[in-house]
Amino acid sequence: MAVDQVVVTLAGLAGIGVVAWFFWGPRSSGVKAALTPSGRQEATIVVKGAYIPDVIVVEHGKPVRLSFLRQETAACSEEVVFPDFHRRTQLPEGQLVPIDLTPERPGEYEVTCGRGLLRGKIVAR
Ligand SMILES: [Cu+2]
């Protein structure tokens, strides 16, 4: 192979690598909840056009406290829903609202707003 062919081939392989990494590589895997001395895993989520952060990583079988702080007035986000836990909670603007739950099994637990537009998840390991 001539040098230019080698360069093109390597560039092509590198491109494939980047695409493969993008689709199958490790996800930017969310924010790990902080473990408090009491054994509770805690994270704060700001609600402002999205859940920030939108992925919270926890250990299953241990209590989790997510504190939501809604910094907007859009009606869309006034309620947060945890379908797997059968929980719905109102989020008044500007108030820190703690929500306690315990994901008993490893898996992904959806978090949405009342109308299903904002989305996030709890990833339990
Ligand atoms: Cu909504």
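Me: What should I know about the model before we start?
Reply: The model is predicted, so local features need pLDDT of at least 70 and side-chain atom pairs count only at pLDDT 80 or more, while totals for chains, interfaces and linings use all residues. Residues are numbered from 1 along each chain as its sequence is written, and side-chain values use heavy atoms, with hydrogens and water left out.

Me: OK. How many helices and strands does the protein have?
Reply: It has 1 helix and 11 strands. The order from the N terminus is α-β-β-β-β-β-β-β-β-β-β-β.

Me: Which strands form the open sheet?
Reply: Six strands do, in the order 1-5-11-10-7-8, with mixed pairing. Two strands pair if DSSP finds at least two bridges between them.

Me: And which are the edge strands?
Reply: Strand 1 (31–32) and strand 8 (87–90). Each pairs on one side only.

Me: How do strand 7 and strand 8 run, parallel or antiparallel?
Reply: Antiparallel, joined by 4 bridges. In strand 8, Q90 is the bridge partner of E79.

Me: Where do C76 and C113 lie?
Reply: C76 is in the loop between strand 6 (64–70) and strand 7 (79–82). C113 is in strand 10 (residues 107–113). The pair therefore ties together parts that are 37 residues apart in sequence.

Me: How many disulfides are there?
Reply: The count is 0. A disulfide is a pair of cysteine sulfur atoms within 2.5 Å.

Me: Is C113 buried or exposed?
Reply: Buried, with a relative accessible area of 1%. C76 is buried too, at 17%. Buried means under 20% relative accessible area, exposed over 50%, partly exposed in between (1.4 Å probe, protein chains only).

Me: What share of the protein counts as buried?
Reply: 32% of its 125 residues.

Note on methods: Helix = DSSP H or I, 4+ residues; strand = E, 2+ residues; numbered from the N terminus.
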